[in-house]
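Subject: Structure handover

Hi,

Here is the structure I promised to pass on to you. My notes on what turned up in it follow below.

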Amino acid sequence: MQACDQILYFLGWPWGQRLGVRTDDELSEDYPALLIRGKGVCVVSLAPELEEAAEPVAAWLAPETCGEELAAFLFEEDAPLALETAWFLIPGTEGVRPVPARGEIRFDPPAADIRAFAASMPEADWLRGGLAPYARACGVYDGGRLMALAGGRLLSGVLDLSFVTHPACRGQGFGSAAISAMVAAYPRALPLWRSEASNEASLSAAHRMGFTEYLIQEGIIIQS
């Protein structure tokens with residue numbers, strides 16, 4: 001199974017393929033419409049209210065179709081829409097470069113530590129990089145204090161990664177050390193790093209560890 005197939009299978013597409021388009025109503029919990037493209041394939045996910053548009057979308061959607069075109073097709077031109085763009089990154093040809101350990105690596109840290117860690121930073125930071133549901137946690141401690149937290153959720157051979165570093169401790173390698181330890185714990189899995197396109201720090205950290213951009217996600221949101 002190729003990397004792209006692994007990722008798409010992990011994301012899920014129970015409707016199968018229609019004219020080369022893979023669709024799945026499980027992807028759009030946060031967005032009315034979601035488009036993932038790259039490597040000659042598009043995935044489109046629509047909220048249940050938009051499911052009737054799936055077949056017309058499949059009739060014209062091409063691998064290079066962008067989120068703006070999908071939004072124009074699905075919504076009124078004057079609808080208050082916005083696109084949130086993110087990258088899916090996977091290891092390059094040389095694989096993931098291990099990062100020297102910083103502090104003390106602890107898997108499955110106590111829930112009380114995680115709650116206190118989340119409460120100690122801006123909510124937006126936690127929501128961007130905090131633990132996904134059912135993810136395993138790996139913490140990096142320094143002097144008994146939790147400095148960074150990585151999450152890893154293994155599904156269909158893909159290790160979906162997330163991480164967050166305390167704002168006061170960024171730029172010191174704690175987050176990369178947590179990610180490196182999580183990847184090492186699942187040597188047979190395909191690591192998947194997600195990053196908002198505007199998050200230059202996350203993208204730089206991914207590149208340093210040997211990850212490369214593979215798929216791009218464009219989430220269409222309706223602004224209030």
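First, some housekeeping. This is a predicted model, in which local features need pLDDT of at least 70 and side-chain atom pairs count only at pLDDT 80 or more, while totals for chains, interfaces and linings use all residues. Residues are numbered from 1 along each chain as its sequence is written, and side-chain values use heavy atoms, with hydrogens and water left out.

**Strand β3 and its partners**

Helices (H or I, at least four residues) and strands (E, at least two) are DSSP runs, numbered from the N terminus. Two strands pair if DSSP finds at least two bridges between them. On that basis β3 runs antiparallel to strand β11 (residues 211–222), with five bridges joining them. β3 is also antiparallel to β4, this time through six bridges, and there L35 stands opposite V44.

β3 and β4 make a hairpin with two residues between them. K39 sits in that turn, with phi near 55°, a positive value in a residue other than glycine. K39 counts as exposed because its relative accessibility is 55%, whereas five of the six residues of β3 are buried.

S156, in the loop between β8 and β9, also has a positive phi near 55°. S156 is partly exposed, with a relative accessible area of 37%.

**A threonine in a loop**

T65 lies in the loop between α2 (54–60) and α3 (67–74). With a relative accessible area of 4%, T65 is buried. Its side chain reaches the backbone nitrogen of A62 at 2.8 Å. Contact here means heavy atoms within 4.5 Å; leaving aside neighbours within four places in sequence, T65 is in contact with L35, R37 and W60.

Helix α6 (residues 174–184) is largely enclosed by the rest of the structure, because 10 of its 11 residues are buried. Among the buried ones are F174, I179 and M182. The cover over them includes β6 (104–107), β10 (190–196) and α7 (200–208).

A nonpolar core is a set of buried Ala, Val, Leu, Ile, Met, Phe, Trp, Tyr and Cys residues joined through side-chain atoms within 4.5 Å. The largest one has 23 residues, and L89, L161, F174, I179, W193 and F211 touch the most other members. The elements that give two or more residues to this core are β7, β8, β9, α6 and α7, and α6 gives the most, with seven residues. As background, nonpolar side chains tend to be buried together in soluble globular proteins.

Not counting residues up to four places away in sequence, W193 touches several residues, including W87, L89, I179 and F211. There is also a second, separate core of 21 residues, which includes L27, V43, A82 and V158.

**Salt bridges**

A salt bridge here is a side-chain nitrogen of Lys or Arg within 4 Å of a carboxyl oxygen of Asp or Glu.

- R170 and D125 have their closest N and O atoms 3.0 Å apart. This pair links distant parts of the chain, with R170 in the loop between β9 and α6 and D125 in helix α5 (residues 123–129), 45 residues apart. R170 is partly exposed at 42% relative accessible area, whereas D125 is buried at 19%.
- R106 and E104 meet at 3.2 Å, N to O. R106 is partly exposed at 29%, and E104 is partly exposed at 41%.
- D160 and R153 meet at 3.5 Å, N to O. Salt bridges that share partners join R153, D160 and R194 into one network. D160 is buried at 9%, while R153 is partly exposed at 22%.

Happy browsing, and do write back with any questions.

Best wishes

Notes
Buried < 20%, exposed > 50% of the residue type's maximum accessible area, 1.4 Å probe, protein only. Polar contact = N/O pair within 3.5 Å; in protein donor to acceptor, adjacent residues only side chain to side chain.
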